[in-house]
Amino acid sequence: MRGPRRGRNPMNIHEYQAKALLKEFGVPVSRGLAAFTPQDAEAAAAKLGGIAFVVKAQIHAGGRGKGKFKELPAEAKGGVRVVKTAADVKANAAEMLGNTLVTIQTGPDGKQVNRLYIEEGASIDKEFYLSMLVDRATARVAFVVSTEGGMDIEEVAHATPERIVTFSVDPATGVQPLHGRKVAQALGLSGDLAKQAVALTANLYRAFTDKDMSLLEINPLVLTRDDRLVCLDAKVGFDSNALFRHPEVVQLRDESEEDFKEIEASRYDLSYIALDGTIGCMVNGAGLAMATMDIIKLYGREPANFLDVGGGATKEKVTAAFKIITADPNVEGILVNIFGGIMRCDVIAEGVIAAVRQMGLNVPLVVRLAGTNVEEGKKIIRESGLNVIPADDLDDAAQKIVAAVKKEAA
Ligand code: GDP
Ligand code: MN
């Protein structure tokens, strides 16, 4: 097992794993079984029994219901299908497995579906929305609740913000019945349904805090025709900094869903976050990394990533960091900005040179070094014979990389 992830990205799990976990905390979910083959899927349906089943693609992205499979005709159904018989389950499973599902959350490349979740079908009266997150401003767990379930909550927030209720829980008192009553009120529930909402709120809170989640989204939370509140979908992310105390959660990790770059970053204990721009950045210190990103924007380009190699990085770590940056096909230029205090400039230089020798360098590279052993660092780069553009300060470095990238493109 690997060590804890240091980056800010939470660790995500599949819907079926999230539901199994929530069930341990007494949260109501439909009965279901995971399946990896059409035969599995059929057997799962036979075991579940009943008159309706839902075949659900398991990928780490939402919007599956409205998603489209790349390999199937446009009129084919999406990644959440309600069907009637075990034979239908098998046929739909065969159509989905191995194919690529594109949703609003996957990006245009989509994600290959390798797992399915087969659930007993629920008959839905109403669809609600409920999510929980860590609100950094108040340092509390916050609830976001809305009657507008089953759709994109950002759209609801934009079009009808009055239909979203939020509140947070004081960690000193923990979750109280009053919080559950707020949820019930927000959803217009009374009587026994309000009681169910109170229990649900408490159980979700317990799951969230016990497991160190950073995000829990139930969309939709449904009211069934037989008057039960059931979590029909579940998206869970865990705080990466707390994974060390949850080996059972780390076990749920599906690396095929994760970005190669993020897996590598986790292995070398680097704080790495992929972004949409074209300038790869390798910096020491989170503050300097933010400043570097800002100044790249100032000169008209967008950073491709946030990457903090940390204070006492080794040559191996620097090499890994450089490989991660160059593995991003969007990167058109790389800016290394090291202000060496604890970090020695010669170590950085050796790491960069080693990585370039191994991987080659197809894009312009600007290196700005300052601080401890700066002269040795500069000398190593100069004598390497590699085409590295030196820079004196951050401003100079940002201007040089943007100019070099523009020249390449011209
Ligand atoms: P998402 O599209 O990735 O968010 O996947 P969801 O699990 O939220 O499913 C999408 C939609 O499918 C839900 O909003 C429901 O309308 C519908 N759905 C999911 N499960 C069931 C079910 O058991 N019965 C019925 N009738 N509809 C379902
Ligand atoms: Mn959903």
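Two strands are taken to pair if DSSP finds at least two bridges between them; helices (H or I, at least four residues) and strands (E, at least two) are DSSP runs, numbered from the N terminus. The structure is a predicted model, in which local features need pLDDT of at least 70 and side-chain atom pairs count only at pLDDT 80 or more, whereas totals for chains, interfaces and linings use all residues. Residues are numbered from 1 along each chain as its sequence is written, chains are lettered from A and ligands numbered from 1 in the order in which they are written, and side-chain values use heavy atoms, with hydrogens and water left out.

The protein chain is assigned domain 1 (11-29 + 123-250), domain 2 (32-120) and domain 3 (259-409), with bounds that come from an automatic or database domain assignment. Between the C-alpha centres of domain 1 and domain 3 the distance is 40 Å.

One open sheet consists of four strands in the order β2-β8-β3-β5, paired in the antiparallel sense. Its edges are formed by β2 (32-35) and β5, each of which has a single partner strand, so one side of each lacks a neighbour in the sheet. On average, neighbouring strands of this sheet are turned by 20 degrees against each other, direction ignored; the axes are lines fitted to C-alpha atoms, for helices over the stretch in contact, and angles run from 0 to 180 degrees between N-to-C directions. Within the sheet, β3 and β8 (residues 116-120) are joined by five bridges in the antiparallel sense, and Val-54 stands opposite Glu-119 in β8.

A further open sheet comprises three strands in the order β4-β6-β7, again with antiparallel pairing. Strand β6 (residues 100-102) is connected to β7 by two bridges, the two running antiparallel. Leu-101 has Lys-111 in β7 as its bridge partner.

A polar side-chain atom of Lys-56 is found 2.6 Å from an oxygen atom of the ligand. Backbone N or O atoms also approach ligand 1: one of Gly-65 lies 2.8 Å from an oxygen atom, and one of Ala-122 lies 2.8 Å from a nitrogen atom. Taken alone, ligand 1 exposes 560 Å², of which the protein buries 79%; accessible areas come from the Shrake-Rupley method with a 1.4 Å probe, and for residues only the protein chains shown count as cover.

Asn-219 and Pro-220 are joined by a cis peptide bond with an omega of about 10 degrees, and Pro-220 is located in strand β12. Asp-227, although not a glycine, has a positive phi of about 60 degrees; Asp-227 belongs to the loop between β12 and β13 (229-231).

Notes. Polar contact = N/O pair within 3.5 Å; in protein donor to acceptor, adjacent residues only side chain to side chain.
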